[in-house]
Amino acid sequence: MDTPETEDAQLHKLHGGVGKRQPGKGSLRPGAGLPGPPRSAQHQESPQQCSLEQKGRMNRLYDMEPRVMDDEMLKLAVGEQGPREEAGQLAKQEGILFKDVLSLQLDFQNILRIDNLWQFENLQKLQLDNNIIEKIEGLENLTRLVWLDLSFNNIEAIEGLDMLVNLEDLSLFNNRISKIDSLDALVKLQVLSLGNNRIENMMNIIYLRRFKALRTLSLSGNPVAEDEDYKMFICAYLPDLVYLDFRRLDDHMKELAEMKHQYSIDELKHRENLMQAQLEDEQARREELEEHKAAFVEQLNGTFLFDSMYAEDVEGSKLSHLPGVGELLEAYKDKFVIICLNIFEYGLKQQEKRKAELDTFMECVQEAIQENQEQGKLKIAKFEEKHLLSLNAIREESELSNIETKIVEYSEDITELLNVLMMLEMQLVEQLEETINMFERNIIDLVGLFVENVQSLMAQCRDLENHHHEKLLEIAINVLEKTVKGEMDEDLPDDLRSLFVDKDTIVNAVGASHDIHLLKIDNREDELVTRVNSWCTHLLDKVHKDEIMRNRQRVKEINQYVDHAQSELDSLECGDLLD
Amino acid sequence: MVQAVLKVISSLDSQRHARMEVLKEKVEEEEAAEREEAAERAERGEKTKRPMEVRRGEATMTQEMLRDLERKLSEIEVSVPEKLLTFTKDTIDTSKLPFSYQSNTLKEEQLLQVADNFSRQYSHLCPDRVPLFLHPLNECEVPKFVSTTIRPTLMPYPELYNWDTCAQFVSDFLSMVPLPDPLKPPLYLYSSTTVLKYQKGNCFDFSTLLCSMLIGAGYDAYCVNGYGSQDLCHMDLTREACPLTMKPKETVKEQEKAPPKKYAIKPPRDLTSRFEQEQEVKRQEAIKAEEENRKKQEEARLLEQENAKTDPLHGLRVHSWVLVLSGKREVPESFFIDPFTARSYSTQDDHFLGIESLWNHKNYWVNMQDCWNCCKELVFDLGDPVRWEYLLLGTDKPFLSLTEEEDEGMNDDDDVENLGKEDEDKSFDMPPSWVEQIEISPEAFETRCPNGKKVIQYKRAKLEKWAPYLNNNGLVCRLTTYEDLECTKALEMKEWYQNREDMLELKHINKITGLNVDYFKPGHPQALRMHSYKSMQPEMDRVMEFYETARVDGLIKREETPKTMTEYYQGRPDFLSYRHVNFGPRMKKLALNSAESNPRPMVKITERFFRNPAKPADEDVAERVFLIVEERIQLRYHCRSDHITANKREFLRRTEVDSKGNKIIMTSDMCISFEVEPMEHTKKLLYQYEAMMKLKSEEKMSRHQAWESELEVLEILKLREEEEEAHTLTISIYDTKRNEKSKEYREAMERVLHEEHLRQVEAQLDYLAPFLAQLPPGEKLTRWQAVRLKDECLNDFKQRLIDKANLIQARFEKETQELQKKQQWYQENQVTLTPEDEDLYLSYCSQAMFRIRILEQRLSRHKELAPLKYLALEEKLYKDPRLVELLKVFV
């Protein structure tokens, strides 16, 4: 056991890391963090300190079958680890709910499979070390977990930790893990213990760069730790690390390591920065699109609509090869895009207007509610002052008749308070109703105006389309005439030529293209109008509902309070009568 | 008088024309005019006796009254010189004054001639006006023009850069001497240096000094010769309210109401009767008006009483003050400064009854405007020659654009002046001041008032001032306010302190209520800011305020009454904001009753907390009350932002035993709670038990803290008493005169330096000097001589070393011999010796042995060092600048 350890490492052990053992029991447990002799040997070294019970337990460890984590086991553990003495009596009397447990210790239980932990919603510390667990599972509900100890098990892969976003301390010491991954969700990770595992590849360390809070790491006892460059490499790639294998990393070492690996790290950093920038770009784009969607004019700030009109239009693209149509199409596109842009800008502007309107409304409503609440609080504070005095007075009064008059007075006060508070609330309800109605009118007007204007702009689009259609038709008929007369000097593509058989075909083809375009425009318009209208209805619904909810809450609160005051009085009466 | 005189010049324009014509006449005629004037002057007595038209509303005086007055005045005049004996030319040692004081330069003589001429013309043109105050005599009986007496000086003290502090300094520094004749300007005007030296002066001395300082500081300032009210001339402030007693006007800040927002809710309908409201308002107004009326009448009555003693010489008293014109140093409006009181007045003020003339260091102007309505209608545009007649051309004042006619008049004016003095330059500048540089020593500046003390009597108030460090308790200023005009019943006293070690700044004593309030500057050892008390006994009414940032516990204020103690906190990590402790009657215990040995039992502790943002509102305690006697704990939580009621919880501590004899740990009736939004976990007994245990330990803590607070109060009171007793003053480390420590240190440093210097001189002893002296002086050394010199020097030194060694050796031998002899003697007589002799012998032996050992050591050390010393000298000689050239080849 005489492993050379620095003070730092010992300190660290006290603080956390792998060697976190309850004092007093520590000597009985194998020094989990120490790459020492095997466990069994250690146990044999200190048998004289073991109590009988623990000896028995220890024997069980090797003799017994794998155990199941059932309710019984959990209850036992919770009971044992719960409060002591007087509080313990109370706890026993009442029973402890699993969801109230903050810390749970299940070591040396020969557990094979983690199970039945779903009730421990508020668990912060879980110790499952020295079992025979092979797979990390069943921890999905323990989202508040901060400290997880899975050392001395038979785990082969890191998994099942995706929900533990609050985890800060993870120990997987002495397992069979060969690759570090699946830890992405653990953004708060500070201590990671992976000693005595089977990690071979140095590149695993680069994966740990993403944990900005990571300060302590242990990897000793892995094949990777035998590499002579092991320490340097980690120092260089994890510059924020403070403790490695329970020893403090000194600054000199860090400098040396940085110099040694400077080039590769710079390269890595460059790549990381690029990735980061890319991610940010994407994020920004997504946000912009969201914003446009909120304004109901997404993808109108470019050629998207125009392109989509031609995307499914087979005839249209064929016809575009006709002489003269190319230029026509260009001009048409330009004009169309300008109108689209107009709609887009108008939409954004309107969105801002609506937002401002909504904000002022919300602000005013908040203010009104706040003011009303202040008044209510004032009334209650006044009442409470009086309430204390009168309760005391009643208590001290000895004459029965006086008591009765006082009680009557007091209950009158309570009724008065109820009336005042209710009146305040009713007043607020009336005021808010008026305001909400006004807001409703305004917002509907705004939306109506928006829809109207967009529709007129869309009509312009349609006009353009109609115009284009006429022109196209004219050209097509000209070409047809020429083809019929055989005067066509240019070569047309075969599929296009096939359209120019007779007038009907060509007219139909041009018409079909036109119809598709109109349909696209109509669809876009419809989409916009429906969405803005549904937004409006939702918003108004929500405003009304919120107000109703608020009103109910308040009325309930008032009643509850008044009931409480009344019941206090009643209990006093009973007490007096009993006396 | 001046009213009468000035009345005459009311039709100024016509007079001016007349004057122009007159001035064209020959000198003889002028002289004739002078004669005439002299005659006129003889008649002046008559003239002044003309019934005066004193200000409206006052009774006109009869001639008899005036005669009476004259007589009385002459009587007064007799007494005045006696009073002034302390400050006349007799007491001034004129012999040591510089030359410029004792004579006039050529230019000054010229200037005096110009002034004389101007004066002649002036008296000719305005025969009714008093002669001008142009060139009074100085302390050496030499006439000096008033403008040259002004010596613009910028003082080296930053405090004296602004007019108010400047004026305050002048008014504090000089003590006032009334004019010898209150109706005439003085005959003498001393230099400011003399005035500063004797710290005494009349109003002219005051204003000359102040004017010099203000002009030096860049103000457009002028000395004014005019007429002032009696109060002004006698520096009588008893009718003025003390500026320190006036409360600063509360600036009424009207908060701008934000424009009502679009969706602001409408206020609930007002159902009260408007008519009734109006009636109510009317009634209130009527009452108010009545009250005001009464007040006004009262005031008028008081005013009448005060003004009962009207001044018979009103409007005749000569006074001098300072005028500051707008423009320079960002002065927005012209104003007067009374140099006696350092108060500024508007130019419309009632105290200033008229202006004769004014001057600065460059020029002299005579007022040509009518002063019938005091100074209220005067226009201070010195560039306007109609209103202000200047003495010298070439003033830097902008001239008004004049009409052609007047322009001609101007030229005529110049011509006439040329006629008077033909060699006179057209733009004659003022000669430089004859006064020496005005200097105020730092000590004098700090002491300020003569003897460092000054008392000013105000209306219902008395202000006393002392120089810092004059009083050994640091008192620098005391303001006593009185209830009555006679100043017999003191109302309250304010004392300002400076440089106190306990940082006491102001002591406010209310004589009626007996309430003392001490204010402290930051830096008190207990971070005290304010301490108000009636008695220094503990457990009485008192309030202490603290600089909370200087305290670890963030205490702002502690209020005490005999039964309670209230503390206010700010910025604590536990968010405590308020603690109120109720004390019960003290238990009978021992004879000694003090908070330390037998603290009063606490009955109730109320604590309030700020909102802790880290906790949800309904779990964040807002107030907790420990009812210690009843063993109850009440908790009130903070109110959630969307609620109007807050959670409440009450713990009842009962130690009872159930039917089986087991102790009841916790039952549900021991905790009564009201929850706005009922929570599940709080229903658990375990939770309640834990909460109660925690509260109990916190109760202990609170009691302990309250007890500590009590102790602290005792400690502070003790400390305050000690401080009051000791009242030590701090001395800045920059104050080299007062700081004893630094003085000592400096002296020590000087001594060390001196010693160092001596040592250096010693080190530079010349070895060659005695040998060089043997050589014929003034000759250059030859090489041979140099070598010889060196050898001689070295031989000499060698000899010295040998001698020294021999000397030590000889002493050593002598000492050893003696010891041997003594030892022999001892051995021979050992048997017969008395114990005393034996002791003597033994002590001698040990001493001798010691001496021998020391000599031995010295010798060995000498032997060791001698060759080294010899070599060092040789080396030094080789390097000696006198020999180095000659010995170079040799080496």
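## Polar contacts between chains A and B

A polar contact is a pair of N or O atoms within 3.5 Å; within protein, one of the two must be able to donate a hydrogen and the other to accept it. In this predicted model, 8 residue pairs, both at pLDDT 80 or more, are in polar contact across the interface of chain A and chain B.

The two chains also share 1 salt bridge. Its partners are B:Lys648 and A:Glu384, whose side chains meet at 3.3 Å, N to O.

## Extent and make-up of the interface

Chain A contributes 41 residues to the contact and chain B contributes 30 residues. Together the chains bury about 3,300 Å², with 56% of this area on carbon and sulfur atoms.

On the side of chain A that touches chain B, two or more residues come from each of α5 (85–94), α12 (325–396), α13 (400–485) and α15 (503–578). Of these, α12(A) gives the most, with 13 residues. By class, this side of chain A has 15 nonpolar, 13 polar and 13 charged residues.

## Helix α10 of chain B

Helix α10 of chain B covers residues 203–216. Its 14 residues should span 20 Å at 1.5 Å a residue, and its end C-alpha atoms are 20 Å apart, which agrees. Because 13 of the 14 residues are buried, α10(B) is largely enclosed by the rest of the structure.

The N-terminal end of α10(B) is capped by B:Asn202, which has a side-chain oxygen 3.0 Å from the backbone nitrogen of B:Phe204. After the helix comes B:Gly218, with a positive phi near 100°.

Terms used. Residues are numbered from 1 along each chain as its sequence is written. Chains are lettered from A and ligands numbered from 1 in the order in which they are written. This is a predicted model: local features need pLDDT of at least 70, side-chain atom pairs count only at pLDDT 80 or more; totals for chains, interfaces and linings use all residues. Side-chain values use heavy atoms; hydrogens and water are left out. Contact means heavy atoms within 4.5 Å. Buried area is the accessible area (1.4 Å probe) that two parts lose on being put together, summed over both. A salt bridge is a side-chain nitrogen of Lys or Arg within 4 Å of a carboxyl oxygen of Asp or Glu. Helices (H or I, at least four residues) and strands (E, at least two) are DSSP runs, numbered from the N terminus. Ala, Val, Leu, Ile, Met, Phe, Trp, Tyr, Cys and Pro count as nonpolar, Asp, Glu, Lys and Arg as charged, and the others, Gly among them, as polar. The expected span of a helix is 1.5 Å times one less than its number of residues. Buried means under 20% relative accessible area, exposed over 50%, partly exposed in between (1.4 Å probe, protein chains only).
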